[in-house]
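Here are my notes for a first look at this one. Have the structure open as you read.

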Amino acid sequence: MVEKSLRRPDVTSERTEDDKNFNLRPKSLDHFIGQNYIKSNLKTYIESAKKRKKNLDHIILYGPPGLGKTSLAHIISNEKNVNFHSTSGPAFTKKGDLVTLLSNLMDGDVLFIDEIHRLPPIIEETLYPALEDFKCDYVIGSGPSARVMQISIEKFTLIGATTRLGLLSRPLRDRFGIHLQLDFYETNDLAEIIILNSKKLNFFIDADAASEIAKRSRGTPRIAIRLLKRVIDFSIVDQLKTIDISTVKSSLKKMKIDFQGLDEMDRKYMKCIALDFNGGPVGIETISAALLEQRDIIEDVIEPYLMQKGLVQRTSRGRILSKQGLDHISNYEK
Ligand code: ADP
């Protein structure tokens, strides 16, 4: 059994310090690397809205953390040249919070709600008429003298982001006219992101070294940028002017990141299924209790990549470690 909970904030939905560095964020669709089908469709929707002189339909972006949902929302508002307002589902506590926010929007503005699956139900219900008819109900006073007022709001575009579309209620999901699913990135796209970011950070990295970091970034730009920054730290301390593949390999070894990009947390999860539960099947709640880790973190952060790589399988009876998964942890131990 594992005794300590391991956090990996860089791949949760929480914003990291790196994300707050807006210079590293792509500013336009042309600077957004990869996800080609999403980019080309978005270009079409934005151009069509401009030609029709209408606002964009509401958009839902979904996919694992760190793939660029927030960046895309910023880009959409830049491309449409409108104001960007950002908040998150858990930030709302009272209906009044949403009404105040909505009544301050201007025509065409983008309202971005991260982790939209965590909106409290009462807020979600207030949002429905705002999304459909650009109206919202507001209660004045309390008790028997309370009155419901309806206020009109400007026509805005809601961009929702979620790691799990399945947790959105059906009525909310149906109110988004544009559904876009972000996939894990190809290695060459991640290598391009790494080279671009190292230029922004004034450090030279050669193509092989960038590709090596890319291969170990779990298909995720946020992880690629974080690994690049840590490799830069090792290079600075070792007084190296450029990053080559041997620097990358030695730095990532020190960080215990293996050739597939898996870290201690992934290996603990796989070892837990292999050793404590005989390879599975084992239920998610049981794994969560054994690892002392929240179920959400396991489902959103750890599992999607391991499943995509075929190391773990999800069945109706629980999680199973595949033969590749078993080989992976056995080889790492050697
Ligand atoms: P999400 O909202 O899906 O968690 P973010 O939009 O916050 O992800 O992106 C995480 C980090 O990765 C940001 O620093 C962002 O600049 C970078 N990033 C994400 N996608 C891309 C991309 N396609 N091209 C370049 N950088 C990207």
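1. Start with the charged network: Arg164, Glu285, Arg295, Asp296, Glu299, Asp300, Glu303, Arg314 and Arg319 are linked by salt bridges. A salt bridge here is a side-chain nitrogen of Lys or Arg within 4 Å of a carboxyl oxygen of Asp or Glu. A search of the whole structure turns up 21 salt bridges.

2. Before going on, a word on the source: this is a predicted model, where local features need pLDDT of at least 70, side-chain atom pairs count only at pLDDT 80 or more, and totals for chains, interfaces and linings use all residues. Residues are numbered from 1 along each chain as its sequence is written, and side-chain values use heavy atoms, with hydrogens and water left out.

3. Back to Glu299, whose side chain meets that of Arg164 in a salt bridge (3.0 Å, N to O). Glu299 is in helix α13 (residues 295-308) and Arg164 in the loop between β6 (157-162) and α6 (170-174), so this pair ties together parts 135 residues apart in sequence. Helices (H or I, at least four residues) and strands (E, at least two) are DSSP runs, numbered from the N terminus.

4. Glu299 also forms a salt bridge with Arg295 (3.3 Å, N to O). These two both sit in helix α13, four residues apart, about one turn of the helix. Glu299 is buried at 14% relative accessible area, while Arg295 is partly exposed at 33%. Buried means under 20%, exposed over 50%, and partly exposed in between (1.4 Å probe, protein chains only).

5. Now the ligand. Which residues come nearest to the ligand? Of the 19 around it, they are Ile33, Gly66, Lys69, Thr70 and Ser71; to count as near, a residue needs a heavy atom within 4 Å. A backbone N or O atom of Ile33 is 2.7 Å from a ligand nitrogen, and one of Gly66 is 2.8 Å from a ligand oxygen. In the side chain of Arg222, an N or O atom lies 2.9 Å from an oxygen of the ligand. The protein covers 98% of the 560 Å² of accessible area that the ligand has on its own (Shrake-Rupley method, 1.4 Å probe).

6. Last, have a look at Gln35, in the loop between α1 (17-20) and α2 (36-52). Gln35 is buried, at 10% relative accessibility. A polar atom of its side chain lies 2.6 Å from the backbone oxygen of Asp183.

Terms used: A polar contact is a pair of N or O atoms within 3.5 Å; within protein, one must be able to donate a hydrogen and the other to accept it, and residues adjacent in sequence count only if both atoms are side-chain atoms.
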